[in-house]
Amino acid sequence: MRAKLSYALTAAVLVFYFVLVGSRGVMLIQSGTLVTVTFGVAVLILPVIGVWFLWKNTQFVRRANALAAKLDAEGGLPVDELQRTPGGRIDRDSADEVFAKRKAETEAAPDDWRSWFRLAVAYHDARDTPRARKAMQRAIALHDGRPVQQS
C-alpha cells in the first residue's frame with residue numbers, strides 16, 4: 001500500500017510539473033516572436049514526453065499487478081525463501097541460489113508467463129532492475145498472447 005501511495009504522489013507531482021511547464025510553453029508561443037515561439041514549442045515537447053512515459057509506466061505497473069493477483073489466486077506466487085542479513089538486507093548468495101532455480105524453471109517452460117513472472121521477481125531480489133523489467137514485460141506479453149521479441 002505504501003508503494004501505491006508513493007507512486008500516486010510522485011505521479012501527481014509530475015502532472016503538476018507538466019501543467020506548469022506546459023503553461024510556460026503556451027505563454028512563450030503567445031509572445032509571437034520567432035525565438036519565443038521556437039522555445040515555446042521546445043518547452044511543450046517535455047510535458048508530452050513526460051506524460052507518455054508516465055502513462056506507459058503506469059500501464060506496466062497495472063499489468064504486472066494484475067498478473068501478481070492472478071498468480072496469487074492460483075497459489076503460484078513465489079515464496080520468500082531468501083536469507084537476510086541482521087540488518088534486513090537480502091543475502092547475495094541466497095538471492096543467487098533462488099535466481100538459479102527460477103532461471104532453470106524458465107528455461108524448462110519458456111512460454112509460461114508464470115515462470116517469467118517468478119524470474120522477474122528473482123531478478124528484482126538480485127537488484128537487477130533492468131532485467132527484472134524485461135522479464136516482467138515478457139511475462140505480460142506471454143499472458144496477453146502477444147508475440148515476444150527474442151533478446
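Guide: In α4, the residues W113, W116, F117, A120, Y123 and H124 meet R131, A132, A135, M136, R138, A139, L142 and H143 of α5. The model is a predicted one. By class, this contact of α4 with α5 comprises 10 nonpolar, two polar and two charged residues. The two helices pack with their axes 8 Å apart, at an angle of about 165 degrees. Because the angle is over 145 degrees, α4 is roughly antiparallel to α5. The crossing of α4 and α5 is left-handed.

The loop between α4 and α5 contains R127. R127 is not a glycine, yet it has a positive phi of about 65 degrees. As a rule, most residues other than glycine have a negative phi.

The next element to consider is α2. The axes of α2 and α4 cross at roughly 110 degrees and come within 11 Å. That angle makes α2 roughly perpendicular to α4. This crossing of α2 and α4 is left-handed. On the side of α2 the contact is made by A64, L67, A68, K70, L71 and E74, and on the side of α4 by W113, R114, F117 and R118. Six of the residues in the contact of α2 with α4 are nonpolar and four are charged, with no polar residue among them.

Helix α2 also packs against α5. Here the axes come within 10 Å and cross at roughly 70 degrees. This makes α2 roughly perpendicular to α5. The crossing of α2 and α5 is left-handed. From α2, the residues N57, F60, R63, A64, L67 and K70 meet R133, M136, Q137, A139, I140, H143 and D144 of α5. The contact of α2 with α5 divides into six nonpolar, three polar and four charged residues.

The largest nonpolar core has 17 residues. Those with the most contacts inside this core are L67, W113, F117, Y123, M136, A139 and I140. At least two residues of the core come from each of α2 (34-74), α4 (113-125) and α5 (129-144). The largest share, seven residues, is supplied by α4.

L67 lies in helix α2. With a relative accessible area of 3%, L67 is buried, because buried means under 20%. If residues up to four places away in sequence are not counted, L67 touches W113, F117, A139, I140 and H143.

P110 is placed in the loop between α3 (92-108) and α4. Its relative accessible area is 38%, so P110 is partly exposed. Leaving out residues up to four places away in sequence, P110 touches W116 and L142. Both W116 of α4 and L142 of α5 are named in the contact of α4 with α5. The C-alpha atoms of P110 and L142 are separated by 9.6 Å, and the two residues are 32 residues apart along the chain.

L28 lies in helix α1 (residues 2-31). The relative accessible area of L28 is 28%, which means that L28 is partly exposed. Apart from its neighbours within four places in sequence, L28 is in contact with T36, V37, F39, G40 and V43. From L28 to R131 the distance is 41 Å, C-alpha to C-alpha, and these residues are 103 apart in sequence.

Key: Residues are numbered from 1 along each chain as its sequence is written. This is a predicted model: local features need pLDDT of at least 70, side-chain atom pairs count only at pLDDT 80 or more; totals for chains, interfaces and linings use all residues. Side-chain values use heavy atoms; hydrogens and water are left out. A nonpolar core is a set of buried Ala, Val, Leu, Ile, Met, Phe, Trp, Tyr and Cys residues joined through side-chain atoms within 4.5 Å. Buried means under 20% relative accessible area, exposed over 50%, partly exposed in between (1.4 Å probe, protein chains only). Helices (H or I, at least four residues) and strands (E, at least two) are DSSP runs, numbered from the N terminus. Contact means heavy atoms within 4.5 Å. Axes are lines fitted to C-alpha atoms, for helices over the stretch in contact, and angles run from 0 to 180 degrees between N-to-C directions. Angles under 35 degrees count as roughly parallel, over 145 as roughly antiparallel, 65 to 115 as roughly perpendicular and the rest as oblique. A crossing is left-handed if the near helix is turned anticlockwise from the far one by less than a right angle, and right-handed if clockwise. Ala, Val, Leu, Ile, Met, Phe, Trp, Tyr, Cys and Pro count as nonpolar, Asp, Glu, Lys and Arg as charged, and the others, Gly among them, as polar.
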